[in-house]
Amino acid sequence: MDFEFLPQELPELISIPSVVVVYGHADDPLAMEAWKKQATANHTQLDLLARDPSHPRRSSSNPLEVHVSIPYGCHHTKLFLIGYASGRLRVVLHTTNLRHADVHWKCQGAFLQDFLVKQTSKEFTTSPFEETLISYISSYRFVERHVWHPSYW
């Protein structure tokens with residue numbers, strides 16, 4: 001994770017009320033601290049969670065511990081969850097590491113899907129995708145609750 005590159009590439013991150021970044025390795029701790037200071041000055045709640053992909057799995061939806069067998073990395077999740085003022089959720093799964101060289105010089109792919117606000121009536125049930133996503137996100141053990149709705153913005 002290049003903490004200097006990401007806010008430069010996506011300056012909108014500094015104006016979003018709440019941002020959570022889960023990462024495995026930070027190239028430059030000073031850049032990470034600079035981003036935290038800038039976020040605080042702009043009243044953005046920024047949570048940075050270091051998680052090692054080689055740690056044992058924590059749920060059936062999070063893969064087995066990853067043993068790095070090649071000198072230049074390993075497979076790991078690349079995911080955005082974006083909440084909108086309307087209550088809609090956008091899920092983006094992508095292939096790029098958030099670094100300048102990967103974003104600008106390599107072929108990348110992304111899948112995204114928007115989900116409407118879930119209704120509370122009894123006729124709506126969960127789906128396997130919803131249950132897997134909740135299980136996966138829970139496996140990161142991030143207990144801070146982030147809620148978005150129109151009054152939040």
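Colleague: Is Phe115 buried, partly exposed or exposed?

Modeller: This is a predicted model, and in it Phe115 has a relative accessibility of 25%. Buried means under 20% and exposed means over 50%, so Phe115 counts as partly exposed.

Colleague: Which class does Phe129 fall into, at 40% relative accessibility?

Modeller: Phe129 also counts as partly exposed.

Colleague: How many aromatic pairs does the structure hold?

Modeller: There are two aromatic pairs. One of them joins Phe3 and Trp35, with 5.7 Å from centre to centre and 50° between the planes, an arrangement that is tilted. Phe3 comes from the segment before helix H1 (5-9) and Trp35 from helix H2, so this pair ties together parts that lie 32 residues apart in sequence. Phe3 and Trp35 are both buried.

Colleague: Are the rings of Phe115 and Phe129 stacked or tilted?

Modeller: Planes under 30 degrees apart count as stacked. The planes of Phe115 and Phe129 are at 10°, with the ring centres 5.5 Å apart, so the pair is stacked. This pair links distant parts of the chain, as Phe115 belongs to strand E5 (residues 110-115) and Phe129 to helix H4 (residues 128-138), 14 residues apart.

Colleague: How should I read the sheet that contains E5, and what is the order of its strands?

Modeller: It is an open sheet of three strands, in the order E3-E4-E5, and the pairing is antiparallel. Strand E3 (79-83) and E5 are the edge strands, each pairing on one side only. From one strand to the next, the twist averages 15°.

Colleague: How many bridges pair E3 with strand E4?

Modeller: Five bridges pair E3 with strand E4 (residues 89-94) in the antiparallel sense. As an example, Leu79 has Leu93 in E4 as its bridge partner.

Colleague: Where does H4 lie relative to these strands?

Modeller: H4 lies across E3, E4 and E5, and runs at about 105° to E3.

Colleague: Now the charged residues. How many salt bridges are counted?

Modeller: The general idea is that side chains of opposite charge can pair when their charged atoms come close. The count here is four salt bridges. Among them is the one between Glu33 and Lys36, whose closest N and O atoms are 3.3 Å apart. Glu33 and Lys36 are three residues apart in helix H2, which means they are separated by about one helical turn. Glu33 is partly exposed at 36% relative accessibility, and Lys36 is partly exposed at 32%.

Colleague: Which residue forms a salt bridge with Asp114, the closest N and O atoms being 2.6 Å apart?

Modeller: That residue is Arg90. Arg90 is in strand E4 and Asp114 in strand E5, 24 residues apart, so to speak distant parts of the chain that the pair links.

Colleague: What joins Arg88 to Arg90 and Asp114?

Modeller: Salt bridges that share partners join Arg88, Arg90 and Asp114 into one network. The salt bridge between Asp114 and Arg88 has its closest N and O atoms 3.7 Å apart. Asp114 is in strand E5 and Arg88 in the loop between E3 and E4, 26 residues apart.

Colleague: Where does the charged end of Arg88 sit?

Modeller: The charged end of Arg88 sits over the ring of Tyr84, 3.9 Å from the centre of that ring.

How values were computed:
Residues numbered from 1 in each chain as written. Predicted model: local features only at pLDDT ≥ 70, side-chain atom pairs only at ≥ 80, totals over all residues. Heavy atoms only, no water. Phe/Tyr/Trp six-rings, centres within 6.5 Å; stacked < 30°, edge-to-face > 60°. Helix = DSSP H or I, 4+ residues; strand = E, 2+ residues; numbered from the N terminus. Buried < 20%, exposed > 50% of the residue type's maximum accessible area, 1.4 Å probe, protein only. Lys NZ or Arg CZ within 6 Å of the ring centre and 35° of its normal. Pairing = 2+ DSSP bridges. Axes fitted to C-alpha atoms, helices over the stretch in contact; angles between N-to-C directions. Contact = heavy atoms within 4.5 Å. Salt bridge = Lys/Arg side-chain N within 4 Å of Asp/Glu carboxyl O.
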